[in-house]
Amino acid sequence: MRLIVITLALILPVVARATEPQKPLNLLVITADDMNADSGGWNGSKLGATPNLDAFARTAHRFVNSHVSVPICQPGRSALMTGRVPHRNGALGFNPIRRDVPTLVEILRERGYFTGAIAKAVHMAPADKFPWHAIGEQSLGKQPTKFAEKFREMLAAAATEKKPFFINANLCDPHRPFISGVGRKAQADEPLDGVRVFKPDEVTVPAFLEDLPRVREEIAQYSSNVSRFDVAFGLVMKELTVAGRDADTIVVFMSDHGMSFPFSKATVYHNGTWSPVLIRVPGTTKPQTRTEFVSSVDVMPSLLELLAVRPPAGMDGRSWVPLLKGQTQPDRDFVVTHVNTVSSGKSFAQRCIRTKDRALMFHAWVGGPNQFRVEAMSGLSFAAMNASTDAKIQARVKQLVEGAPLMLFDTAADPSERTNLTDDELEVIDGEWDQLIGSLQVRYGLKKQEVERQLEEFILNCRRPSPSPVS
């Protein structure tokens, strides 16, 4: 009898632990603001501006062909937080999402998570659809030390309430104004917090821009902001470790879109939408580099699967978690990106279907009342390009401000997307269009006529003007 009692005493605690519900993982989503995909050393930059991000990348899964659905701040974050493309979440531009669309914040708060956002909360609207328990003000986004202090406060609040946390840490670099650059806010130069300030002769001008002195100067300013982003990123990760939460927290990093320069932000050109996702998941295997095409609308369904939370109906994105498990998924060889209304309130509607070696773009604004003009053209670089008398640079400016309704680029031979092939390769476009229709037929189980009807509706929606932004 004594033997039985001893045996039960040893076994029962083990059984009790086995039947306890698994403790939910925490979630930390860190975003950069207007940072190009190749500004990090982990993804090709030789500048040395991102040692902290590079260290994280070595521990994370890397989706290197991830593109944001929308390369503009508010509509891009709306797509990220709903898993829906703009015309299906309601936020075509700087306007709120529809009230019937579930958000990641609502879902995780309902599941008992402490929810917090640092900066950029104003770009997630309406406020009651993004019910954060705590919000850090916008000004923290360019102040690394104070940003980390606010993050520490949120970690402590979640621990006090004994809740898992979802914190969206939105660093506001390298968004304009640039350090030592032009801009409305004089405080752009402060605080530096140990940031490395680059000189024009230290940087490399990206191939999609022109290597002019003023462009090089602005790239150096941008690179200094990238350094400040990295300082803040490192401080946030240090706080997570000090709090003892790095072992039970999913950490995601991505930029909201590309750099605030011509042919990047607010365009469907490659550098506008290309935004690799880095994700570290506790307890997973060796980090992988995935080359499938994925979209920012895939992030929400993927995170919900990792957190074992049932996804809401109606999302356009789909989880890429099976890819991390060694499985394959159909239709991961292309991605569709969008622009509708920009920050000025004007509609410059664009669409792009992108594959590994082709980009087919549709610009609905061409022929309308306005030439293309966005915030990314407000600095030194576009002014220098626009003032140039070089014929090639003049043609490049014309490509941006006048555009063409339909553009096709061979991105393997022309990664900067300078040569429009539509006049020479109409048959190629027809073939890729048929391939797209066939792929959508298989994915959604629809007849060809229904796929064509929905694509026509998609294009018509692109031509419709978007609502004006809200103040």
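This is a predicted model: local features need pLDDT of at least 70, side-chain atom pairs count only at pLDDT 80 or more; totals for chains, interfaces and linings use all residues.
## Ground rules

Local features here need pLDDT of at least 70 and side-chain atom pairs 80 or more, while totals for chains, interfaces and linings use all residues. Residues are numbered from 1 along each chain as its sequence is written, and side-chain values use heavy atoms, leaving out hydrogens and water.

## Helix α6

Let's start with α6, residues 144-160. Helices are DSSP runs of H or I with at least four residues, strands are E runs of at least two, and both are numbered from the N terminus. Its buried residues (under 20% relative accessible area, 1.4 Å probe, protein chains only) are Pro144, Phe147, Ala148, Lys150, Phe151, Met154, Leu155 and Ala158. They span an arc of only 160° around the axis, so they sit on the same side of α6; the arc is taken from the directions from the helix axis to the C-beta atoms.

That set packs against β1, β3, β4, β5 and α7, where contact means heavy atoms within 4.5 Å.

Most residues other than glycine have a negative phi, and most peptide bonds are trans.

Two prolines follow cis bonds: Ala125 to Pro126, omega near 5°, and Arg176 to Pro177, omega near 0°. Pro126 is in the β3–β4 loop, and Pro177 in the β5–α7 loop.

Definitions and conventions
The expected span of a helix is 1.5 Å times one less than its number of residues. Buried means under 20% relative accessible area, exposed over 50%, partly exposed in between (1.4 Å probe, protein chains only).
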